[in-house]
Amino acid sequence: MQKKINPGLNELDELCVQTIRFLAMDAVQKAKSGHPGMPMGMAPAAYTLWTKYLRHNPANPKWLGRDRFVLSAGHGSMLLYSLLYLTGYDLSLDDLKNFRQWGSKTPGHPEYGHTTPGVEATTGPLGQGISNCVGMAIAQKYLSAYFNKDGFNLFDYKIYTIAGDGCLQEGVASEACSLAGHLGLNNLIVIYDDNNISIDGNTALSFTEDRAKRFEAYGWYVQVVGGDGNDMIAFEKAIKNAQAEKNRPCIINLRTHIGYGSPNFQDTHTAHGAPLGDDEIKLIKKNFGWDPEKSFHVPAEALEHTRKTKDKGAELEKQWNEMFKKYSQQYPELAKLITNPYPDITELPTFAPEPMATRSASGKTLDALMPKMPLILGGSADLTPSNNTRYKGVEDFQKDKWTGRYIRYGVREHAMAAIMNGIGTSELLRAYGGTFFCFFDYMKPAVRLAAMSGYKSIFVFTHDTIGLGEDGPTHQPIEHIAALRAIPKMLVLRPADANETAYCWKIALENKNGPTALLLTRQNLPTLDRTKYPPASSIAKGGYAVIKQDKPDVILIGVGSELEIAMKAAEKLAEENIKAQVVNLASWELFDKQDQSYKDSVLPPSVKARVAVEAGIKMGWEKYIGDNGEFIGMTRFGESAPYKVCYEKFGITADAVAEAAKKSIAAAGK
């Protein structure tokens, strides 16, 4: 046993801390890859937080009243996995031994919904976790304002995260932390692992600003704890101060040493992202008084002590459940909402056959639906009037006005997406947020994580093509549709008129499997007369024949604003006795899930002549138009001009589609 006993720790505490360190070292070494240094330096603080201050129940990781913990510095995942195992979550020692292996519950970075309950968010891409935590903090504030009553503090939890130098360097974290300071999210406590090391080496190479002053400028409560990361008296004092803070989010700058205890690699970038080696690990264990020949050794007294967390957590949840039972008796309607937060959507607004932009129809749909859905939070990245995302009567979510349901994200698209993801992890809340589709570029990492993790975020992208016109090529999203569709598990909806837009909101709000993207127009589109055409609900299958033909000569596929062009082309072809079946393929993902007989009825395999028209690039359309098909769309960046001029100059017209149809018919006949 190491003789040194650090401030605030007794011998048993030290044993537990060392157990965490050695589990991390051994797992990384066995996997022959990973990041041992961060868990070694942060073990004392993480152990202290998890066993003394974090309110959680390992037996029920989804207990609604729990505190949230996110390892934003996700590369140090073995720190989290060790804590989960030691405190009694559904993670075994064998799972730790299987670190980073195929099919394991312990991937290289924590994955929401995959590793085990206890992982609150997918982290690894730096900056995402701390930004998710801002969303979690917003969620707690709203839930407490909406549900808590005198004597019933159902939702009074806090959000803790460990973030590193990399997290703080990422722009998304700057965006999110700036907003957190503005909102005064005093329930958010960030523990900054200030170890001065990144992959390239010492942070003096590239990261020399005064981080404490930076966060003070954001409006945060900043505490600096010096030393070597082992003084738990000082750390606990900082935690208690943070918990007591009433007006600001808190960051604790905790000075640590990466690879703590390693004679050769402490305070070096080598300890960041590579195994330490068998010889070095044996030397470290020997120096700490451990048997250097034992791997994955967990002293019985350490496991017994850390597993007491389960008893403590069970008692905390028992008290919460008793409170909720009494709450249910006094506030039955609110309690029912907690147990069934998303009622079925049975009524949608309907729109007369008059021209309307789908962004406008979206706004009117929100006017109708949102007042009845109190657990949906909306917002926009400083484009509210353009996105039409703010519905009538909604209040803004602001500091000390936690009942507001509309978040003003400012010009922070990336943070908005990450914060929305964090809101969605609350189990009770969901979030939608809007921006111009061209700024999907700025949001891509968080949108990708939403799909990977199954977060139920709803991304509202307006100004979806060259149809936005005069703003020009910087704002005209040419390749973005293809890029968005390329993300696995992302549901993309591009409605062609107002009534389809309303139904798309129903689909998005009822989507239980992951995120949804709505692609909406700036320009007016004709609203189809549904007494002449199939109902708008047909979009639920992703694609349907708007104009059905018996034995068609050609299939014209339109989507969004280009469906109108395909329909006009069909009229022109009819004048030449060419029968065109017009298909609206509004969602590839939904269409591909239909049974083969339905798909064949919409896109008959016998009809090889096909034309797809969309004001984006061709990529992906080959699947639906085949070798003999033609594509009418964009092949370069756009231009600044009125939208009708853009469509004409780029050849996205009914005449062009009709000519392409003839060409495809000729090719199919060969």
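Q: How many salt bridges does this predicted model contain?
A: The count for this predicted model comes to 28 salt bridges.

Q: What makes the contact between Arg68 and Glu427 a salt bridge?
A: The side chains of Arg68 and Glu427 meet at 3.4 Å, N to O. The cut-off is a side-chain nitrogen of Lys or Arg within 4 Å of a carboxyl oxygen of Asp or Glu, so the pair qualifies as a salt bridge.

Q: Why is the pair of Arg68 and Glu427 said to tie together parts of the chain?
A: Arg68 lies in strand 1 (residues 68-71), whereas Glu427 lies in the loop between helix 17 (413-424) and strand 11, so the pair ties together parts that are 359 residues apart in sequence.

Q: Which residues are linked with Arg68 and Glu427 in a network of salt bridges?
A: Lys62, Arg66 and Glu120 are linked with Arg68 and Glu427 in this network.

Q: How do you know that Asp90 and Lys105 form a salt bridge?
A: The closest N and O atoms of Asp90 and Lys105 are 3.6 Å apart. This value is within 4 Å, so the pair is a salt bridge. Asp90 lies in the loop between helix 3 (77-87) and helix 4 (93-97), and Lys105 in the loop between helix 4 and helix 5 (128-147), so the pair ties together parts that are 15 residues apart in sequence.

Q: Why is Asp90 called exposed, and why is Lys105 called partly exposed?
A: Asp90 has a relative accessible area of 56%, which is over 50%, and is therefore exposed. Lys105, at 26% relative accessibility, falls between 20% and 50% and so counts as partly exposed.

Q: Are Glu614 and Arg485 buried or exposed?
A: Glu614 has a relative accessible area of 1% and Arg485 one of 12%. Both values are under 20%, so Glu614 and Arg485 are buried.

Q: Why is Gly434 called buried, and which residues does Gly434 touch?
A: The relative accessible area of Gly434 is 0%, which is under 20%, so this residue is buried. Gly434 is in strand 11 (residues 430-436). Not counting residues up to four places away in sequence, Gly434 touches Gly379, Ser380, Ala381, Asn387, Thr389, Met416 and Val460.

Q: How do you know that strand 6 and strand 7 (residues 250-255) pair?
A: Pairing requires at least two bridges, and strand 6 and strand 7 share five, in the parallel sense. Gln223 stands opposite Ile252 in strand 7.

Q: What makes strand 6 (residues 221-225) mostly covered?
A: Four of the five residues of strand 6 are buried.

Key:
Residues are numbered from 1 along each chain as its sequence is written. This is a predicted model: local features need pLDDT of at least 70, side-chain atom pairs count only at pLDDT 80 or more; totals for chains, interfaces and linings use all residues. Side-chain values use heavy atoms; hydrogens and water are left out. Buried means under 20% relative accessible area, exposed over 50%, partly exposed in between (1.4 Å probe, protein chains only). Helices (H or I, at least four residues) and strands (E, at least two) are DSSP runs, numbered from the N terminus. Contact means heavy atoms within 4.5 Å.
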